[in-house]
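Biologist: I would like to learn how to read some features of this model. Could you take me through them?

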Amino acid sequence: MEKVNPATEGVSFNEQNGAPPTENYQAEAGARRGSIAMNIVQNPLTRSSHAQCVADAEMYAETHGMPEHKALFGRAALVARDPSSFERLQELDEPERNALVYERDHKWHGPTMLWYSISLCAIGAATQGWDQTGSNGANLSFPKEFGIDSGTGRDQWIVGLVNAIIFLTAGLIGAFITDPLNYYLGRRGEIFLTALCLTATPIGSGFAQSWQGLFAARFVLGIGIGAKNATVPIYSAEMAPARIRGALVMFWQLWVVIGIFLGFCANVIVKDTGNIAWRLQLGSAFIPSFILACGIWFCPESPRWLMKHGKHAQAFQSMNRLRAHPIIAARDYYYSYVLYNEELKLARGSGYLSRLWDCFRVPRIRRANYGASTVMLAQQMCGINIISFYSSTIFTEVGYSNTQALYASLGYGAIQVVFTIPTLFLIDTKGRRTLTLITFPLMCIFLLAAGLSLLKTTGSVASQIGPVVLFVYLFTIMYSLGEGPVAFQYSAEVFPTIQREQGMAWVVCINNTFAGILSLTFPRMSAVMTRTGAFGFYAALNLIAWGMIFCFVRETKQLTLEEIDQVFSVPTKEFLAYETGTWLPYFVKRYILRRKIAKPPPLIAWAAEETDGGNGKSEKEVY
């Protein structure tokens, strides 16, 4: 997709979702066809005149407890109505105009509170990464401690179950208690509660006296992880400005991999403590969640959550703390309110289950669900977590000592951190879809090569294990540049505000449940199929995941959360026709055959041209 103007991208929400058209439907439809052809998407505020737009915004401020900001909202509405022309607005004073110019010219400009809030939430992500690697190191010794290291099928399933249970309960329980927790406690309250859970349960894991006790502690730990995973990305996405939302929310993935690295560091640090090493490895995961619990109440509540609960004055105060100037805060907040109101017309009065069912029933939301579910499932299909969960075990089985295996796993964690950082910048320039389509075929090749390298059994230990470690590291680099950062970022942004908690809960359920299945089955799979067979199996899944991404994942870079509606208004059939008949031939000719050809029109413009070309589709069908 081409870069688009954030505040002018989005057609009427009612028409997108099949609601009754307005009285001026024909005029609006004609205007929309023209605007789409120019790659400009209708802004709901443009339906009103200049004066009416100001009057509506001022009335909103007066009737929602903010009369002192009446004039500010009027000016902000004009900016939101045509953001590219704010310099021509006579209503703005010089400081406001300067603030908007500075924001436009300095992509990363933002107040300290924005950076603090995003960074603190990202620390919570380290809990999951740290726990994964804590169990990675603990796998070398806790089976022996509890007498489940015989190598029998029963013991292999028990070890897999102890490792897997946090993901199974995260997906099947934790993700689905997110909505009531958010409703009653708010985003901050829910994060605080889950942070307390994630502080206590790793410590409990370290004091377990049987595998059943360890299983119970990790059972509860998983519930906390699932509830946190479904809320923190939403909270981050709702605070972040559109222009850098992808990069800011991607701090989630960066801190997951930092947590993985720190967990491997902890494994190495405590490796010589004797029989309690595995206890310290599991227990040390409480550190990031403790920091999260202490710091979350210094963050502002999500403006969109406050808005949804009728606390408009508090919501604007919260947004004001997250933006560099009141005019920027009022612009972002009021435009978000206008679009939220459009969604509310369709969803008013619906309960939790009804909104969850909307994720499968409403065409626009169903397409977003396809995309989010695909990237979440692909994260497990690619096989990265067989490395995250079992790398130390794999390395010891092919010749490394326990200490060498822990250091090799530490290198794996370091690579994830180093190569996730460039994606902070690539995700909002190259895009989510592009990064995943490029990296999945390479992941397939490197994972298959790692599996085949395990067949080498002659020569020195270094010559046997060296190729395995090399290809695992190359596989990890590709993952860190694509699927790793994209999965949670993409899922947090594609659902409409009304169904965001339900949609995120569903895709987090998919992600964690399949992570649990992977963790549960890998010990037994590698025994039955051999390590090479297991690696080959996941290499093949990479190709399947690539095909799924091509069919269902749509580009969302540099669009506001609400305006992503437009991207998912094009039916899947039309989307696939565009990708296979227009985009793919262009890609082959331009980047493989190296021909200089004109870039095709973006999807939305192409869909409008197809409609106007008289192919029998009505405008409503296109959307």
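**Reading the features**

Modeller: A search of the whole structure finds 30 aromatic pairs. This is a predicted model, in which local features need pLDDT of at least 70 and side-chain atom pairs count only at pLDDT 80 or more, while totals for chains, interfaces and linings use all residues. Residues are numbered from 1 along each chain as its sequence is written, and side-chain values use heavy atoms, with hydrogens and water left out.

Biologist: Which rings pair, and when does a pair count as tilted?

Modeller: Rings of Phe, Tyr and Trp (its six-membered ring) pair if their centres lie within 6.5 Å; planes under 30 degrees apart are stacked, over 60 edge-to-face, and the rest tilted. Y60 and F73 form a tilted pair, with 5.7 Å centre to centre and 55° between the planes. This pair links distant parts of the chain, as Y60 is in helix 3 (residues 50-63) and F73 in helix 4 (residues 70-81), 13 residues apart. Helices here are DSSP runs (H or I, at least four residues), numbered from the N terminus.

Biologist: Are Y60 and F73 buried or exposed?

Modeller: Buried means under 20% relative accessible area, exposed over 50%, and partly exposed in between (1.4 Å probe, protein chains only). Both Y60 and F73 are buried. F73 also forms a tilted pair with F316, at 5.0 Å centre to centre and 55° between the planes. That pair joins helix 4 to F316 in helix 16 (residues 312-321), 243 residues apart. Ring pairs link Y60, F73, F316, Y333, Y334 and Y337 into a cluster.

Biologist: How many salt bridges are there?

Modeller: Side chains of opposite charge can pair when their charged atoms come close. The rule is a side-chain nitrogen of Lys or Arg within 4 Å of a carboxyl oxygen of Asp or Glu, and by it the count comes to 16 salt bridges. One of them joins D332 and R331, whose closest N and O atoms are 2.9 Å apart. D332 and R331 are both buried. Salt bridges that share partners join E103, R323, R331 and D332 into one network.

Biologist: What of R154 and D155?

Modeller: R154 and D155 form a salt bridge, with 3.3 Å between the closest N and O atoms. R154 counts as exposed because its relative accessible area is 55%, whereas D155 is buried at 6%.

Biologist: How is the length of helix 23 checked?

Modeller: The expected span is 1.5 Å times one less than the number of residues. Helix 23 (residues 432-453) has 22 residues, so it should span 32 Å; its end C-alpha atoms are 31 Å apart, which agrees.

Biologist: Where does helix 23 have a kink?

Modeller: The bend at a residue is the angle between axes fitted to the seven residues ending there and the seven starting there. A kink of about 25° lies at T439, shortly before the proline P441.

Biologist: Which residues have a positive phi?

Modeller: Most residues other than glycine have a negative phi. Among the positive cases, T530 has phi near 70° and R594 has phi near 60°. T530 lies in helix 26 (residues 500-552) and is partly exposed because its relative accessibility is 43%. R594 lies in the loop between helix 28 and helix 29 (603-612), and it is exposed, with a relative accessible area of 59%.

Conventions
Helix = DSSP H or I, 4+ residues; strand = E, 2+ residues; numbered from the N terminus.
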